[in-house]
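Open the model in your viewer and keep the sequence panel beside it. The tour goes stop by stop, with something to select at each one.

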Amino acid sequence: EARKNGTEGMAVIQFVVDTKGNITKIKLKKDLKDGCGAEALRVVKSMNDMPEKWIPGKQCGKEVNVEVALPFKFKL
């Protein structure tokens, strides 16, 4: 749909990388029309199914949850 309508721009997904490297609390913070935001959400959600996990953040030598905002640029 986005390609058909020439939709371009940025979608932003916010999520938390927990102390085990899992992605949790996934939210769409900035959307585009024509399904771009939904596709960005799908991609981030699928990252939990990958064999390698994210590296957790550390503070004072301890693993901590980290909030991440990941931009997705859609360009034709």
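Contact here means that heavy atoms lie within 4.5 Å. Keep that in mind for the stop at Thr 7, where a list of contacts is given.

**Colour by confidence**

This is a predicted model, so start by colouring the protein chain by pLDDT, the predictor's confidence in each residue on a scale from 0 to 100. The chain averages 94, and 100% of the residues score at least 70. Now select helix H1, residues 2-5: confidence is lowest there, at a mean of 86. Strand E4, residues 62-64, has the highest, at 97.

**Select residues 9-17 and 23-30**

These are strands E1 and E2, which pair in the antiparallel sense over 5 bridges. Pick Val 17 and look across to the other strand: which residue of E2 stands opposite Val 17? The residue is Ile 23. Next, follow the chain through the hairpin, where 5 residues sit between the strands.

**Select Thr 7**

Go back to the loop between H1 and E1, where Thr 7 is found. Is Thr 7 buried or exposed? Its relative accessible area is 7%, and because buried means under 20%, Thr 7 counts as buried. Show its neighbours: leaving aside residues up to four places away in sequence, Thr 7 touches Ala 2, Leu 32, Lys 33, Asp 34, Cys 36 and Leu 76.

**Select Met 50**

Move to the loop between helix H2 (36-46) and strand E3 (57-59), which holds Met 50. With a relative accessible area of 46%, Met 50 is partly exposed. How many residues apart in sequence are Met 50 and Asp 34? They are 16 residues apart in sequence, and 27 Å apart in space from C-alpha to C-alpha.

**Select Arg 42 and Glu 39**

The structure holds 1 salt bridge. Show the side chains of Arg 42 and Glu 39, which meet in a salt bridge at 2.6 Å, N to O. Side chains of opposite charge can pair when their charged atoms come close. Look also at where the two residues sit along the helix: because Arg 42 and Glu 39 are 3 residues apart in H2, about one helical turn separates them. Arg 42 is partly exposed at 48% relative accessibility, and Glu 39 is partly exposed at 33%.

Methods: Residues are numbered from 1 along each chain as its sequence is written. This is a predicted model: local features need pLDDT of at least 70, side-chain atom pairs count only at pLDDT 80 or more; totals for chains, interfaces and linings use all residues. Side-chain values use heavy atoms; hydrogens and water are left out. Helices (H or I, at least four residues) and strands (E, at least two) are DSSP runs, numbered from the N terminus. Two strands pair if DSSP finds at least two bridges between them. Buried means under 20% relative accessible area, exposed over 50%, partly exposed in between (1.4 Å probe, protein chains only). A salt bridge is a side-chain nitrogen of Lys or Arg within 4 Å of a carboxyl oxygen of Asp or Glu.
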